[in-house]
Protein chains: 2
Amino acid sequence: MKVEFINPFLESILNVLNTMAMFKATPGKPAIKKNQIAKGDVTGLIGMAGEQARGTLAITFPEGVILEITKRMLGEELTGVDDTVTDMVGEITNMVTGGAKRILSEQGYRFDMAIPSVVAGKDHSIQHKSKSPVIIVPFSTECGDFFIEICFEE
Amino acid sequence: MKVEFINPFLESILNVLNTMAMFKATPGKPAIKKNQIAKGDVTGLIGMAGEQARGTLAITFPEGVILEITKRMLGEELTGVDDTVTDMVGEITNMVTGGAKRILSEQGYRFDMAIPSVVAGKDHSIQHKSKSPVIIVPFSTECGDFFIEICFEE
């Protein structure tokens with residue numbers, strides 16, 4: 001998988017969180033996901049497919065981080081993961097992928113986006129079943145870490 | 001969403017389970033998913049995208065059902081959800097969608113498939129964030145029920 005595929009997603013998520021929630025996140029070093037199981041409480045997942053490439057993006061939040069983002073976006077203090085929170089995660093997943101799609105399209109990579117799905121459940125894990133490597137990028141925030149996983153096949 | 005989109009997935013999953021695992025499942029009545037939260041232990045998820053339509057498919061198994069399917073496919077008795085099981089769920093998700101894609105392509109609906117992802121976690125739930133209805137179909141088996149969820153936007 002080419003590094004050109006990763007940076008547009010990093011750029012896009014920082015942009016979405018900053019403009020929508022004034023929420024600062026610092027990306028860590030991208031790594032190839034090997035055996036580690038990355039767990040979280042809420043995950044936005046979206047597929048991407050086209051003639052040139054197919055892929056998937058997952059954004060996995062611990063509860064504390066997504067509740068803070070939701071609070072800043074909506075001004076509502078929530079105490080747990082409910083439909084408002086999962087709607088927000090679906091929306092963030094859509095916006096991040098839409099932003100990355102625009103950047104990648106300018107670089108000549110075209111794909112269509114599937115419908116975002118949101119997984120809720122304490123300490124769930126996600127695996128992407130592909131022969132291509134899965135890249136995992138942690139983000140640190142004042143409320144804890146979240147991470148994204150990206151996998152593309154050309 | 002048209003009913004033509006649903007039947008190819010039902011036909012395909014029955015075919016995959018029957019030919020690969022000699023496992024009999026009986027589909028129940030398709031319903032529009034409203035507020036009900038359908039929970040499971042392992043879910044295969046895949047996005048579909050094309051110019052005419054975009055969608056997502058989720059196949060959610062309780063642990064007992066997927067362990068029995070894995071046992072019949074591989075002849076191995078497993079005691080819990082491990083990489084062998086999640087690989088199997090990814091493979092089933094891919095095969096079911098590939099089968100449905102072939103049938104739908106003959107009907108003039110074309111789309112590309114994204115990379116399958118597999119969620120593992122006790123009692124997780126999945127929501128599809130779309131304005132189109134989500135159709136949920138339960139399947140009963142001798143080991144318990146599993147279900148699929150399909151959502152398409154034209």
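Guide: Start with strand β3 of chain A, residues 39–49. β3(A) is mostly covered, with 10 of its 11 residues buried. Buried means under 20% relative accessible area, exposed over 50%, and partly exposed in between, with a 1.4 Å probe and protein chains only. Strands are DSSP runs of E with at least two residues, helices are runs of H or I with at least four, and both are numbered from the N terminus.

A word on the source. This is a predicted model: local features need pLDDT of at least 70, side-chain atom pairs count only at pLDDT 80 or more, and totals for chains, interfaces and linings use all residues. Residues are numbered from 1 along each chain as its sequence is written, chains are lettered from A and ligands numbered from 1 in the order in which they are written, and side-chain values use heavy atoms, with hydrogens and water left out.

Now the partners of β3(A). Two strands pair if DSSP finds at least two bridges between them. β4(A), residues 54–61, runs antiparallel to β3(A) and is joined to it by 8 bridges. Within that pairing, A:Ile46 has A:Leu57 as its bridge partner. A hairpin of 4 residues links β3(A) to β4(A).

β6(A), residues 117–128, also pairs with β3(A) in the antiparallel sense, over 6 bridges. Here A:Leu45 stands opposite A:Ser117. Then comes β5(A), residues 112–113, antiparallel to β3(A) with 2 bridges. A:Ala49 is bridged to A:Asp112 in that strand.

Follow β6(A) next, across to chain B. 8 bridges join β6(A) to β6(B), residues 117–128 of chain B, and the two strands run antiparallel. A:Ser125 has B:Ala120 as its bridge partner. β6(A) also holds A:Asp123. That residue has a positive phi of about 60°, although it is not a glycine. Most residues other than glycine have a negative phi. A:Asp123 counts as partly exposed because its relative accessibility is 45%.

The wider interface comes next. 34 residues of chain A are in contact with 34 residues of chain B, where contact means heavy atoms within 4.5 Å. The area buried between the two chains is about 2,500 Å², and carbon and sulfur atoms give 53% of it. Buried area is the accessible area (1.4 Å probe) that two parts lose on being put together, summed over both. A:Arg54, A:Ile115 and A:Lys129 supply 27% of the area that chain A buries against chain B, more than any other three residues.

Which elements of chain A supply the side that touches chain B? β3, β4, α3 (83–106), β5, β6 and β8 (144–153) each supply at least two residues. The largest share, 10 residues, comes from β6(A). By type, the residues on this side of chain A divide into 13 nonpolar, 14 polar and 7 charged. Ala, Val, Leu, Ile, Met, Phe, Trp, Tyr, Cys and Pro count as nonpolar, Asp, Glu, Lys and Arg as charged, and the others, Gly among them, as polar.
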